[in-house]
Amino acid sequence: MNYIRLALKAGRGGDGIISWAKTKYNSRLGPAGGSGGDGGSIYLVVDSKYSDFSHLKNVEKKAPNGTNGQKDKKSGSSGTDIYLKVPENAELYDLNKKIRISTLKAEEKLLICKGGRGGRGNSSFKNAQFQAPWLYELGERGESLDLLLIKEGINYVGIISLSEENLSDNLIEEFQEISSVGDQVHFFSFPLSIFEKKSIKPFHLKDLELCKAIILVSEPKNENYNKKQEWLTPMLKDLGFYSFISVVLGTKDLQEIYKELIKDLKKTTQLPCFKPKGSTPDDDYIEYSDDLLPDKEDYQIIKVPEGWEVNSKRLSYWSSRIPQTTLHNIERLKAKLKVEEIIKQIKKSGGLKGETLKICNYTTSIY
């Protein structure tokens, strides 16, 4: 098994709670609500005794959640981490962001999905201002990832026939007779019809993503060969294939074509459908910290028939962490969402007093 796709999900952090220390004679001795436990994380660990990914088909791919906080300042238990063993030199690709993550080397251990932090209980919020805080947080969501693992040195090649559909199958048979085991070349046959629709169906796309090279094959008497190639080229470029090999049967020795293919494969360091890590901004990254979250960012303020809507990743994060169940929590949420600052901006844009304002899942009125 030269490759495998895994849907990984780290555990969610447990929720903090509100609780109060009690004795037989006094039921309110101060906040004692514990924090939730952290969610389990998922690690990839290189193990030299494995040579492929067949053992990963039935392993657990979802880490346990952390448990909620408890009374008497006791924290919830953390979810157990999961360790997935993979062979050396396994290449990692993010199927959602279409980026290459890395190649795992000998004895390497990689945190691939981080578990969510547990929410704080009310005992964590006690300070000079709040001696009896009705404050607590919900646990963070754990990271999730659709991951492609493929062995380094394995070469998948897609062959597309620009005339009869069976041309690509015939070419594959001839290439397989020429190839040697050491080349580690495998072929996919793709019908031209899959490119005629607005989007390629997942059934074909998942095989195209594995390909390091594309070969276009046609008969010598095909008059529409150039037109079809010109029509297909932009679609292949959109997928990441900026170059490909054109084969007109009978005009060139297949062994020469195969040697050219092997040279191209040796130059290709990653799957063309995926971009190198760092080539695209990591828009989903949010630093989960009170101190490091940015105080200001560009809000997306939208006028809707019901009033106004505001969205941003930071605001969404805090609205999912702070439940609107106590007055103290609501005041803290309003501070984190910068409600007063947003209302001032909306008034400058023509907002009127009394109009509805929705900031993620928090709803209020302009005042």
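**Close-up 1. Arg12 and Asp15 in the predicted model.** Arg12 is partly exposed, with a relative accessible area of 30%. The model shown here and in the other views is predicted. Arg12 forms a salt bridge with Asp15. Their closest N and O atoms are 3.1 Å apart. Asp15 counts as buried, at 17% relative accessibility, because the cut-off for buried is under 20%.

**Close-up 2. The salt bridge between Glu209 and Lys98.** The closest N and O atoms of Glu209 and Lys98 are 2.0 Å apart. Glu209 sits in the loop between α2 (202-208) and β10 (211-218). Lys98 sits in the loop between β4 (90-94) and β5. The pair therefore ties together parts that are 111 residues apart in sequence. Glu209 counts as buried at 7% relative accessibility, whereas Lys98 counts as partly exposed at 29%.

**Close-up 3. The open sheet with strand order β1-β7-β4-β5.** Four strands make up this sheet, and their pairing is antiparallel. β1 (3-9) and β5 (99-103) are the edge strands, each pairing on one side only. On average, neighbouring strands are turned by 25 degrees against each other, direction ignored. Seven bridges join β1 to β7 (residues 144-151). In this pair, Ala7 stands opposite Asp146 of β7. Strands of a sheet pair through backbone hydrogen bonds.

**Close-up 4. The hairpin of β12 and β13.** β12 covers residues 300-304 and β13 covers residues 307-311. Two residues lie between the strands of this hairpin. The strands pair in the antiparallel sense over five bridges. Gln300 stands opposite Asn311 in β13.

**Close-up 5. Helix α6 (residues 327-336) and its buried side.** The buried residues of α6 are Asn329, Arg332 and Leu333. They cover an arc of only 100 degrees around the axis, which puts them on the same side of α6. Their cover includes α5 (313-321) and β15 (362-365). Lys338 follows α6 and has a positive phi, near 55 degrees.

Close-up 6. The side chains of Lys334 and Glu331 meet at 4.0 Å, N to O. These residues are three apart in helix α6, so about one helical turn separates them. Lys334 counts as partly exposed, at 24% relative accessibility. An α-helix has 3.6 residues a turn, so residues three or four places apart point the same way.

**Close-up 7. A network of salt bridges.** Arg117, Arg120, Glu137, Glu140, Arg321 and Arg332 are linked in this network. Arg332 is also one of the buried residues of α6. The salt bridge count for the model comes to eleven.

Notes
Residues numbered from 1 in each chain as written. Predicted model: local features only at pLDDT ≥ 70, side-chain atom pairs only at ≥ 80, totals over all residues. Heavy atoms only, no water. Pairing = 2+ DSSP bridges. Axes fitted to C-alpha atoms, helices over the stretch in contact; angles between N-to-C directions. Buried < 20%, exposed > 50% of the residue type's maximum accessible area, 1.4 Å probe, protein only. Arc of directions from axis to C-beta. Contact = heavy atoms within 4.5 Å.
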